[in-house]
Amino acid sequence: MKADQFQAPDYYNLDELLSDEHKMVRDASREWVKREVSPIIEEAAQKAEFPKQLINGLAEIGAFGPYIPEEYGGAGLDQISYGLIMQEIERGDSGVRSTASVQSSLVMYPIFKYGTEEQKKKYLPKLASGEMIGCFGLTEPDHGSNPGGMTTNFKDKGDHYLLNGAKMWISNAPFADIAIVWAKNEEGRIHGLIVERGMEGFSTPETHNKWSLRASATGELVFNNVKVPKENLMPEKSGLGAPLGCLDSARYGIAWGAIGAAMDCYDTALRYAKEREQFGKPIASFQLQQKKLAEMITEITKAQLLAWRLGVMRNEGTATSAQISMAKRNNVAMAINIAREARQILGGMGITGEYSIMRHSMNLESVITYEGTHDIHLLITGLDITGIPAFE
Ligand SMILES: Cc1cc2nc3c(=O)[nH]c(=O)nc-3n(C[C@H](O)[C@H](O)[C@H](O)COP(=O)(O)OP(=O)(O)OC[C@H]3O[C@@H](n4cnc5c(N)ncnc54)[C@H](O)[C@@H]3O)c2cc1C
């Protein structure tokens, strides 16, 4: 793979909107990605392996629980710092960012928000340091966009719960130490349970043959009469709103992350277009290529503004789920379109692993589907502005 020469575009001087702490956190993540992720990521993706050697570094840059308070091992940062860390990691690879997102927003967040003090003390510091890795089980084979229909269930057996069912498409499942599992009780109410690797009847088969997010491990969670201790139920919130609250946080991170992938594609295509000559001139001098590049930087700038404003509202606690849906949907679609255009600017070279664009392009096919598909986020906006649900 080519040496990482990334230079971040900032067409509207958005750095002026960032605090010194934001810039420090962002620059540390950027340097780490250049040093540790870029040199190894293409090979990991080609081999379809999650690069576990990155776990310690992810913990060191604060990517595991950036906004979790320091007393529980988190970095105690604000939402914009969280977003910037996700942006920088996804500039390297969406699969690596997925691991950080799941750990922070789908594992640490529910324990922090819905868990007991004992659960917080037991799990959060180990998750923040990377000593423990978690996964999040919501999707089922027959319930993806409609998670409320889930059939995974648990029964009260007096001194423990008995868990049965299966989850599918679970990031980090094959090697996670714990799983946050969403399941229905005997009354049909959804609760979150912390299931630990090693519990009898719990297995995590890996999903193979993915063309997308290859540097991230995906698997199933299978529960066959798993005895879960009662103290592993997170008591502070139940119902579908509990997992959806986690998804808000993760989707917000994706809205920033997608900008990272788009910036990398744009920056690569711009450099290539200025260097590559055809018909005796750099291809950047042709109007058709300038149109592509000009539209890319316009869309990146709009997405940056959307993410930044959402971050301000997240810090104030005023961002709605529908506002988060809009940013996730817009920014991922923006990134996937830019990846496609950037790939064309590189001609034949664009399809090789010499450059990051094709990997980003394939990764974004997962990002546009998980955490709510492109269609579902549009329906959320539609519901928000009309008051009429069009899901069923
Ligand atoms: C690589 C990867 C990692 C993932 N990681 C996790 C994870 O860690 N944890 C987890 O719980 N899940 C995870 N997922 C699952 C992901 O969230 C689901 O794939 C997603 O929610 C869509 O569900 P589905 O695949 O069953 O598609 P479906 O729900 O079957 O949707 C198929 C198509 O139908 C459309 N559709 C569905 N309902 C409607 C409707 N009402 N109106 C119009 N169109 C509709 C969808 O937009 C989509 O285009 C992951 C998925 C992938 C690919």
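Let's begin with the ligand: the space taken by it is the largest pocket. A pocket here is an open set of points on a 1 Å grid over the protein atoms alone, with protein on both sides within 12 Å along at least five of seven lines, and a molecule sits in one if more than half of its atoms lie within 2 Å of its grid points. Please keep in mind that this is a predicted model, in which local features need pLDDT of at least 70, side-chain atom pairs count only at pLDDT 80 or more, and totals for chains, interfaces and linings use all residues. Residues are numbered from 1 along each chain as its sequence is written, and side-chain values use heavy atoms, with hydrogens and water left out.

Now for the polar contacts, meaning pairs of N or O atoms within 3.5 Å. The side chain of Ser 145 places an N or O atom 2.6 Å from an oxygen atom of the ligand. The backbone takes part too: an N or O atom of Phe 136 lies 2.9 Å from a ligand nitrogen, and one of Leu 138 is 3.0 Å from a ligand oxygen. The protein covers 68% of the 980 Å² of accessible area that the ligand has on its own (Shrake-Rupley method, 1.4 Å probe).

Stepping back, UniProt's unreviewed entry places an "Acyl-CoA dehydrogenase/oxidase N-terminal" domain at residues 19–131, a span that is 73% helix and 0% strand. For "Acyl-CoA oxidase/dehydrogenase middle", UniProt lists residues 135–226, which are 0% helix and 48% strand. The "Acyl-CoA dehydrogenase/oxidase C-terminal" domain is placed by UniProt at residues 238–380, where the chain is 76% helix and 3% strand. Such annotations may be inferred rather than shown by experiment.

Key
A polar contact is a pair of N or O atoms within 3.5 Å; within protein, one must be able to donate a hydrogen and the other to accept it, and residues adjacent in sequence count only if both atoms are side-chain atoms. On a 1 Å grid over the protein atoms alone, a cavity is a set of points where a 1.4 Å probe fits but cannot get out, and a pocket is an open set with protein on both sides within 12 Å along at least five of seven lines; lining residues have an atom within 4 Å of a point. Helices (H or I, at least four residues) and strands (E, at least two) are DSSP runs, numbered from the N terminus.
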